[in-house]
Structures are given as structure tokens and as C-alpha cells.
Amino acid sequence: MQPSSQVNDRIARVAAHLQPPNDSQMGDLRRENCRAKGASGGFKVAVLGAAGGIGQPLAMLMKMNPLVSVLHLYDVVNAPGVTADISHMDTSAVVRGFLGQQQLEDALTGMDLVIIPAGVPRKPGMTRDDLFNINAGIVKTLCEGIAKCCPKAIVNVISNPVNSTVPIAAEVFKKAGTYEPKRLLGVTMLDVVRANTFVAEVLGLDPREVDVPVVGGHAGVTILPLLSQVKPSSSFTPKEIDYLTDRIQNGGTEVVEAKAGAGSATLSMAYSAVKFADACLRGLRGDAGIVQCAYVASEVTELPFFASKVCLGRTGVEEIHPLGPLNEYERTGLEKAKKELAGSIQKGVSFIRK
């Protein structure tokens, strides 16, 4: 039988990454003495809202990413359980859990990438704007922590309504004096993923072979798929254009209604968020030609924020691509999108400036 001191040492090592105590509580069992090591040359990533419907599968998929060396999982509830579960996966990222606002700063210190899926999900009959009053406050609090503890991190905002929460984050960072537009990105990848899937169905192709630019925002008519720019080059009938545009714009509602009160688009959102996070990490690594759609501070239109193709690099957004040639259908859709988007942006700005 092993001495009780050895048993206690092993227990302490396991506990250290589930709910990291202060160094003064750890004695000789400081984190650097734990045997588990992260991937060499990898990045430190935090998921804020890791115990939620999006956060759990997102955290699991990030644990599988070889570019992640350290993965911090934060939530106000259930973070230790999610952390324990995911930490058993035999991939190289070291996982640590953080519970409650008192541990938020520890969760954020030293992070390279922060992903924010925190907030309440949509339910049947709710729009993304219905979520505003709850999620706006959550995003504000989390971004205040980011400004203090990891102001140079790339920030990926998933919390809805993204059209408003990204401007909220920007205003928080401006107040703190840490705002760098290149490092703040609203995740609209799910719109692209859906567009690729739905267009592939119509064309009879593998979705992995399809690339549909989706611009504007991340809600209803602000989601504008540019079907005239689909790759491989394709033509659609007016009926197909109407069908595809409507389905892409209302894909979230399709899932909410199908789940009948049991949730929103959590799994496909987590997949999309990880796909986008991986692009950000490859950009941070210095890979060339990393281009994805994202909702960012932009001069593509007269609006202060807009989603379009961007090139990702070591500093975040290194280049914002122009919209390119639009057909009449898309030009009409663009005007509708901008009108709706302007109100959502102002709503976010006003929330902080009020």
C-alpha cells in the first residue's frame, strides 16, 4: 500500500487543474511541478461560458486542437465537472477550470485567444435581440476582465446578438484604453457553414468543396450570402436564390423550432466557432493566406462594424477584403442589411455609453 502522503500528492495534482488554488495554498505542488505538459509551441486559449450548450462541445473540440497548449474553461456554474470530463481526453492541451467571477482574472491571465460563448440561448419565438438585456451585461463583465488581464489577446465573440455584443466589447475596451480593432472579431462562421452546406445540397456537391461568402451581420436580414460569388462558380434560378437566402438567414430559427424548446444551434455553432478559432490560431502562428468571414470594425461600408472576408495573421485581422461585385438582388439585400445593422450597432454602443 502506498503511503497516504503519496496518495494525497496525486489527488492534489488532479485538483490543481480543476479548480486552481492560490499558489500559497499549493505548497510544493505548484502548477509548474505537475507532470502534464502542453503542446510545444502551442497557444493558451480561454473559453468563457464553457459549461453551456455551446461551450461544452466547443471546449471538447478545442482540447483536440494540436495548436492549443493550455485550455482554460471558465463558467459561473458547473466548470469543475466539465473540466474534469474534458481533462481525461488524451490530447496534449493541459486543461484548467475556473468557477465564478472571483476566478475570472485567473482564467484570463496570459491568454492568447479568448472565445466567448457565454450567455443565455434562444428559445422558440425569441429573436437574438430578445437576448440583449441579459447577454449584454455578461459580455460587458467578461470584456472588462479581458481588458485587465489579457489586453493583447485575440477575442472571438459568439454571444448573441453578435451585431450588438461586438460593439459592446469595443466600447468596454475603449473605456479601458486597450481597444485594438484588429483583435476583436464577431464569429459569423456558422452563417458560412450553413451557406456552404445548403448550397452544396442544391448543387449536389460535397460541402467541403463549396465556399460561399456571407457578409453583413449575424441575424436575419443582416445575413447576406453572396451567391453570385460562390466557388466553384455556379448559377442559380431566382427560385433557388430566394430559397437559399431565406434558409441561410433563418437557419438558427430552423434549429430552435426543431428542438422545440430544448435549445438552440449549439453543436453546429461549436463546430463553426472551433473552425474559426483554428483559423485565428493558424494566423497567430504566422501561416499565410488565412481568409475567413468575420464581423469586425470595418470601412467596407459606412457602418462602423460589418462582416466580410478578412485575412488573419499574427495581430488578428491584417486585411479586410472589399465586397466585390454584387448583382442587383445582393445590392438590394445589402441596403436592407445595413439599415437593420445600424440600429443593432447603436444599441450596443448606447448600452455602454448610457
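**Close-up views of a predicted model**

**View 1. Lining of the largest pocket.** The lining residues divide into 17 nonpolar, 14 polar and 4 charged. Here Ala, Val, Leu, Ile, Met, Phe, Trp, Tyr, Cys and Pro count as nonpolar, Asp, Glu, Lys and Arg as charged, and the others, Gly among them, as polar. This is a predicted model: local features need pLDDT of at least 70, side-chain atom pairs count only at pLDDT 80 or more, and totals for chains, interfaces and linings use all residues. Residues are numbered from 1 along each chain as its sequence is written, and side-chain values use heavy atoms, leaving out hydrogens and water.

**View 2. Space in the largest pocket.** Its volume is about 590 Å³. Of 35 lining residues, Pro117, Ala118, Gly119, Val120 and Pro121 are the closest to the pocket's centre. On a 1 Å grid over the protein atoms alone, a pocket is an open set of points with protein on both sides within 12 Å along at least five of seven lines; a cavity is a set where a 1.4 Å probe fits but cannot get out; lining residues have an atom within 4 Å of a point. Grid points are joined across faces, edges and corners, and a volume is the space filled by probe spheres set on them.

View 3. The whole structure holds 1 cavity of 30 Å³ or more.
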